[in-house]
Amino acid sequence: MNNISFTGINISNTNVLNHKLSIFKLTEIDKPFINRLGNTVDLKKLYPQITKDEFTIYDFILKRAIENAKDSGKQSLLLSSDGIPCGIMANKHKNTTHYVDYITTWAVEPNKKTPFGAQILFTQMFRDFLKTGANFIELYAIKFGNAISKYRKIGFKSYGGDNYTEIMRIKREEVEKSYNKLQEKFNLTQADSSEDLNLFDILKIR
């Protein structure tokens, strides 16, 4: 396995609207793959009608998510749809609180975004959180688009912020309730194997 420049561990899978969605746990040795992925996601091609303001914000979030996914101090997840990478989530775990540093999903074809991608990543994140003794999950939501309303739908509440971001948090009891609802919706199945996989062989980068 030492000659493989990128390996990832498939930790869960589901099928949604006839699409196979898989989540992979990323580690520090995944940097070459993540670098290449960051150079191939073309937001202007994937969203031909994207406005200048939208591009500025989404491009910033994508680049920050890519950079955070390479941080060995983060717990990072990669989402794929039918073998095509379509989302990244970077989390930081502390004793009492887990932090969602960045989460982003993107289209796999022009104007064709993966259905429920962010919710599926949160399902996995909630599952991992409930295996720990932490009490809260916290994140900063950009006051642009409908991100804040989406987080509220899965149990997050606002606790302040500034002109650009909203501080949001969810308590452990609410995480469990939200996880149960999401799991009933998506039936995210834990993978039996912890084998390192060469994702250059099984995922397609465009």
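Visitor: For a chain of 206 residues, what radius of gyration would a compact globule have, and what value does the protein chain have? After that, please take me to strand E5 and tell me which strands pair with E5.

Guide: This is a predicted model, in which local features need pLDDT of at least 70, side-chain atom pairs count only at pLDDT 80 or more, and totals for chains, interfaces and linings use all residues. Residues are numbered from 1 along each chain as its sequence is written, and side-chain values use heavy atoms, with hydrogens and water left out. A compact globule of 206 residues would have a radius of gyration near 17 Å, and the protein chain, with 16 Å, agrees with that; the radius is taken over C-alpha atoms, and the rule is 2.2 Å times the number of residues to the power 0.38. The protein chain holds 7 helices and 12 strands, which are DSSP runs numbered from the N terminus, helices (H or I) having at least four residues and strands (E) at least two.

Turning to your part, E5 covers residues 97-105 and pairs with E4, residues 84-93, in the antiparallel sense over 7 bridges, where pairing requires that DSSP finds at least two bridges between two strands. With 3 residues between them, E4 and E5 form a hairpin, and Lys92 has Tyr99 of E5 as its bridge partner. Tyr99 also has a bridge partner in E8, namely Glu138, and E8, residues 136-142, pairs with E5 in the parallel sense over 4 bridges.
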